[in-house]
Amino acid sequence: MTITYEWRGDVDNSALNELHAEGFEHPVGQTDWRARLQRHSLGWVCAWEDDRLVGFVNVAWDGGVHAFVLDTVVARRCRSNGVGTALIRAAAEGCRAAGCEWLHVDFEEHLRTFYFDACGFRATAAGLIAL
């Protein structure tokens, strides 16, 4: 399997809606990802196997030195092959090149090993309010 990674890659709304639905186990939506990303994101990384979208991560930011990982998703058939780790690595490189100093992530407990061990994040004190 040869996967390529692209910072601020060309996003096809249908393909990303399908990948997102598969990864987060919900019905396929009609999100206008292109508009959302252009409006709110520092960047994003697309993982491609030939011309098929098999991974994605969005990076929001505060307009300064803080960037935030959102929506990391890898196609089921490509999981456990380093695709997610490579997505985060490419996102970190894109953030660094943009002048960011910090890359934040929050996640569910079952993803702890992925983000801490595979991707190199470290634990910090943080807070969360459910709205």
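Colleague: At the start of helix 1, which residue has a side-chain oxygen that reaches to the backbone nitrogen of Ser14?

Modeller: Asp12 does, coming within 3.2 Å of that nitrogen. A polar contact is a pair of N or O atoms within 3.5 Å, where within protein one must be able to donate a hydrogen and the other to accept it, and residues adjacent in sequence count only if both atoms are side-chain atoms. The model is predicted, so local features need pLDDT of at least 70 and side-chain atom pairs count only at pLDDT 80 or more, while totals for chains, interfaces and linings use all residues. Residues are numbered from 1 along each chain as its sequence is written, and side-chain values use heavy atoms, with hydrogens and water left out.

Colleague: What makes residues 13-24 count as helix 1, and how does the span compare with the expected one?

Modeller: Helices (H or I, at least four residues) and strands (E, at least two) are DSSP runs, numbered from the N terminus. Helix 1 has 12 residues. The expected span is 1.5 Å times one less than the number of residues; helix 1 reaches 16 Å from its first C-alpha to its last, close to the expected 16 Å. After helix 1 comes Glu25, with a positive phi near 50°.

Colleague: How many disulfides does a search of the whole structure find?

Modeller: The search finds zero. For Cys100, the nearest cysteine sulfur is that of Cys95, 5.0 Å away. A disulfide is a pair of cysteine sulfur atoms within 2.5 Å, so Cys100 is in none. Cys119 is also in no disulfide, with the sulfur of Cys95 the nearest at 13 Å.

Colleague: Why do Cys100 and Cys119 fall into separate accessibility classes?

Modeller: Cys100 has 11% relative accessibility and so counts as buried. Cys119 has 21% and so counts as partly exposed.

Colleague: What elements does the protein have, and why is the protein called as compact as a globular protein of its length?

Modeller: The protein has four helices and five strands, in the order β-α-α-β-β-β-α-β-α from the N terminus. The radius of gyration is 14 Å, close to the 14 Å that the globule rule gives for 131 residues, so the protein is as compact as a globular protein of that length. The radius is taken over C-alpha atoms, and the rule is 2.2 Å times the number of residues to the power 0.38. Along its principal axes the C-alpha trace spans about 35 × 35 × 30 Å.

Conventions: Buried means under 20% relative accessible area, exposed over 50%, partly exposed in between (1.4 Å probe, protein chains only).
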